[in-house]
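Q: I would like to learn how to read contacts, cores, pockets and ring pairs in a model. Can we go through them one at a time?

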Amino acid sequence: MLLGLSTALVATVCFGFGAVFQARGARSAPRADRVRAGLLAALVRSWQFVLGTLLDILGFVLSIVALRSLPLFLVQAVTNASLAVTALAAVWLLGARLRRGDLAGIVAVVLGLTLLGLGSGKEGREYAPAAFHWALLGTTVVMVLLTVVLVRRNGTVAAAGLGLLAGVGFGVTSLAVRVLDAHRLTSVLADPAAYALVLGGLGGYLAYALALQRGTVTAATAAGTVAETFGPALVGVVALGDAARPGLEWCALAGFAVAVGGTFVLSRFGELEGESAGALAPEAGTRAEPAVPPR
């Protein structure tokens, strides 16, 4: 459990710092009104987005170790706490200022994760029937199709919808890592969960980048947090046998609620205040870019 928890925490740091670079790169790219190769090319040309993506990839690799050795509800809560890391990284790298609410969110995340760590038991089973693997793949296909439809809309509702779809993609990726049969290469290639992992990850990143171009950070991040945190946690408990430590169920439940609540509070950190905008020092005639929390 110690190895899994350590890798989850390091992954959280990677996600937190990566988000600052990735989101600014997404905002600097030309705004897209449809899914096309040109959007991906524009994002790749931004060194900030590339750096953020590389940090996300490193975080994902580390989180695989955690997902294979810890309950899903613990891993999801820990990695989503990267919002706290993002807030601190924005203060350091972008000159942003923390408000009282931001500090309260960071404290809530730390307290919640502490309680959750104390109350978490062993992970459940890694095996799932074939129907479960196919359901994961089917979910990612629907997610991508809905992204193609929703990308034509604008505003906060569209941002929240795309953020929700991004959370679904990332959540499916976590579930796919948990149940993937990785004993042999042939098993991986024949497993629908492997394709759900790839499609969910890539589709989630695309949906999140599009969400950041259409509405507030709060709308995109909060919606994504709901889908990415609660969905896999519930599936892990109901379908995969994840459980809290006997007698400490209240501790795990309270920690999960407090940590996710702190995440919601911190999702407002991306709404740039006047002093933060000045710290970014935009050139004359350009629009300041906000510090954006992670997915």
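A: Start with contact, which means heavy atoms within 4.5 Å. Keep in mind that this is a predicted model.

Q: Which residues does Val78 touch, not counting residues up to four places away in sequence?
A: Val78 touches Ala8, Leu9, Thr12 and Leu113. Val78 itself sits in helix α4, residues 72-80.

Q: Is Val78 buried or exposed?
A: Buried means under 20% relative accessible area. Val78 has 3%, so Val78 is buried.

Q: How far apart are Val78 and Val109 in sequence and in space?
A: In sequence, 31 residues separate Val78 and Val109. In space, their C-alpha atoms are 8.7 Å apart.

Q: How many residues does the largest nonpolar core have, and which have the most contacts inside it?
A: A nonpolar core joins buried residues through side-chain atoms within 4.5 Å. The largest one here has 39 residues. Those with the most contacts inside this core are Phe73, Leu113, Leu116, Leu136, Val179, Phe256 and Leu266.

Q: Which elements each supply at least two residues of this core?
A: They are α3 (47-67), α4, α5 (82-94), α6 (100-119), α7 (130-150), α8, α10 and α12. The largest share, six residues, comes from α4.

Q: What is the volume of the second largest pocket, and which residues are closest to its centre?
A: The volume of the second largest pocket is about 240 Å³. Its lining has 13 residues, and the closest to the centre are Phe73, Val237, Ala252, Leu253 and Phe256. By residue class, the lining of the second largest pocket divides into 11 nonpolar, no polar and two charged.

Q: How is a pair of aromatic rings described?
A: Use the distance of the centres and the angle of the planes. This structure holds one aromatic pair. Phe170 and Tyr205 form that pair, with 5.2 Å centre to centre and 75° between the planes. Planes over 60 degrees apart count as edge-to-face, so the Phe170 and Tyr205 pair is edge-to-face.

Q: What does the pair tie together?
A: Phe170 lies in helix α8 (residues 155-179) and Tyr205 in helix α10 (residues 192-212), so the pair ties together parts that are 35 residues apart in sequence. Phe170 counts as buried, at 5% relative accessibility. Tyr205 is partly exposed, at 21%.

Definitions and conventions: Residues are numbered from 1 along each chain as its sequence is written. This is a predicted model: local features need pLDDT of at least 70, side-chain atom pairs count only at pLDDT 80 or more; totals for chains, interfaces and linings use all residues. Side-chain values use heavy atoms; hydrogens and water are left out. On a 1 Å grid over the protein atoms alone, a cavity is a set of points where a 1.4 Å probe fits but cannot get out, and a pocket is an open set with protein on both sides within 12 Å along at least five of seven lines; lining residues have an atom within 4 Å of a point. Grid points are joined across faces, edges and corners, and a volume is the space filled by probe spheres set on the points. Ala, Val, Leu, Ile, Met, Phe, Trp, Tyr, Cys and Pro count as nonpolar, Asp, Glu, Lys and Arg as charged, and the others, Gly among them, as polar. Rings of Phe, Tyr and Trp (its six-membered ring) pair if their centres lie within 6.5 Å; planes under 30 degrees apart count as stacked, over 60 as edge-to-face and the rest as tilted. Helices (H or I, at least four residues) and strands (E, at least two) are DSSP runs, numbered from the N terminus. Buried means under 20% relative accessible area, exposed over 50%, partly exposed in between (1.4 Å probe, protein chains only).
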